[in-house]
Amino acid sequence: MPPISLTSQEMTTETTIGRAPRRLKTRRIIERPRLFALLDASSARLKTLVAPAGYGKTTLAEQWVARDGRRSAWFTARHSSTDVAALALGIAEAAKALVPDCDVRLREHLRALPAPADVRTIAEILGEDLASWPEDGWLVIDEYDEIARGASSERLVAMLIELAPVQVLIASRQRPAWISARDILYGDYLELGQSALSMDSSEAAQVLADEQGRVASGLVALADGWPAVIGLAAVAGADVDRDVEQVPESLYRFFADEVYLALPEVVRAGLAQLAAAPVLDDELVVELLGTETAATVRDAAVEVGILVERGRRLDLHPLCRSFLEERSEQLGFVLTGDSLISCLEHYRARRDWDAAFDLIDRRGLVDQLEGVLRDALDEFLDTARLSTIEEWCRAAASRDLDRPLFLLARAEVSLRRGRYTMAQSLAEAAAVHRDSDLVFRALSVAARSAHLASREEEGLELYRRAEAVAKGERPSGATPSGVSSCVRLISNCPRVTPCTSRYSRESGDRMRATQFALLRAAWRTR
């Protein structure tokens, strides 16, 4: 979109509902020694901060791990963290800050897998590679509630903590399922819950710069100590209309409205654009708003606490995001398609597939899903992110996207899950679309599936069809020489019988894994 023209750089403006302009105050972030002391007093190597959004969990975690000579590796869970492979790689990538190259062996293992990732094996590999975890190091897992949506992903975290000498600080809206009340009672784990994380009167007075403490005491009582409300009240000024409902949710909306409507219109319009982006950084802000306006919007939003700087990333609090999306629409700040496409292209260029999918899913950009999956598919397969592929395909099916690529993606997943008949059927269905440039690859997947299902004649015929297509189209993703190797492999090998009577199930699985590796090697030959 074209840069937004700036009309005023003042932090005050006439509101749209006729109120006098309000001068906003700068957001104040305080340290909370009371909570530091609770964290320091526990010798547990797993500590948790468990409370709803807006209780300062991330800020407290940042402050505490930066004290007393501690070092940290920071992992923020995302929607894709229910995929065990994605979660393990994300934790390993973060842990590299304290244990270099701890992700290498895991990546090699996932790349070599002929079948879905085994949670125990992944935990053991990563646990072994984190054996040299430093005594002053802490792994921070923020937004753990995203992980808690999947039983397997939660099991991976529990196993990793059991197998590796890692000290972990978890920030979550809910307690991890593998932590019991008994564990907390006997001090095996430390939990600071909502009551502990709520602000007391002295902490609220610091945020509000209320020396007498009278307003702070009343606001804490009304807001139940909810830091999000108290922080907004400090920015807006602590005056509360007499007719506002005296409940925390109403107070949050009241103060958020006060802050939002006191921002210049150019800032409000800019924030409407930024709220659409699942992940923000300085470069994306400039792409969306233009250099001059980006600086104005960014500085104003950071000053009042709507945006928080975290390294190269800019975080928009989920409560603020929800409020901005609703309020911007009410005031007529409509998102443009160009803004959404700019976000999507930014994520694609950085290969941030999770942010791209989140944007597509939330904003209904269904026509863009096929192109993003085409770019991401091989990377997902190489890192065993089968659950992610399945989720994307489900999203396509729910929107009636019947394209060859989604059939092929499902075939690839079925092949790796050992459902060879289904894989062959899906791949052959994808190959029917003669106008698709995926015909060669679909035929090759169908051939591999047929061979692994001990249907060598069908597999040989499918490989020959793929070879014929390849010679004419020169497709990417595999080469004619690779397919020719598969043809020779099957033609020269005796028929392999299914592992029902001659082999035990275990030896049969090993046999099929070996076949898969041979075929995969031939397939990837360049």
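Strand β6 is joined to strand β8 (residues 313–316) by 2 bridges, and the two strands run antiparallel. Strands here are DSSP runs of E of at least two residues, helices are runs of H or I of at least four residues, and both are numbered from the N terminus. Two strands are taken as paired if DSSP finds at least two bridges between them. The model is predicted, so that local features need pLDDT of at least 70 and side-chain atom pairs count only at pLDDT 80 or more, while totals for chains, interfaces and linings use all residues. Residues are numbered from 1 along each chain as its sequence is written, and side-chain values use heavy atoms, with hydrogens and water left out.

Together, the 3 strands form an open antiparallel sheet in the order β6-β8-β7. Because β6 (280–281) and β7 (307–310) stand at the edges with a single partner strand each, one side of each has no neighbour in the sheet.

A helix pair was also examined. Helix α3 (residues 84–95) packs against helix α4 (residues 104–112) at an angle of about 160 degrees, and their axes are 10 Å apart. Axes are lines fitted to C-alpha atoms, for helices over the stretch in contact, and angles run from 0 to 180 degrees between N-to-C directions. Helices α3 and α4 are therefore roughly antiparallel to each other, a term applied to angles over 145 degrees. The contact (heavy atoms within 4.5 Å) involves A85, A88, L89, A92 and E93 of α3 together with L106, R107 and L110 of α4.

For the protein as a whole, 26 helices and 8 strands are assigned. Of its 526 residues, 54% count as buried, that is, under 20% relative accessible area with a 1.4 Å probe and protein chains only. Among contacts in the protein with a separation of 6 or more, 71% are between residues 24 or more positions apart. Both C343, with a relative accessible area of 1%, and C393, at 7%, are buried. The count of disulfides (pairs of cysteine sulfur atoms within 2.5 Å) is 0.

Notes: Buried < 20%, exposed > 50% of the residue type's maximum accessible area, 1.4 Å probe, protein only. Parallel < 35°, antiparallel > 145°, perpendicular 65-115°, else oblique.
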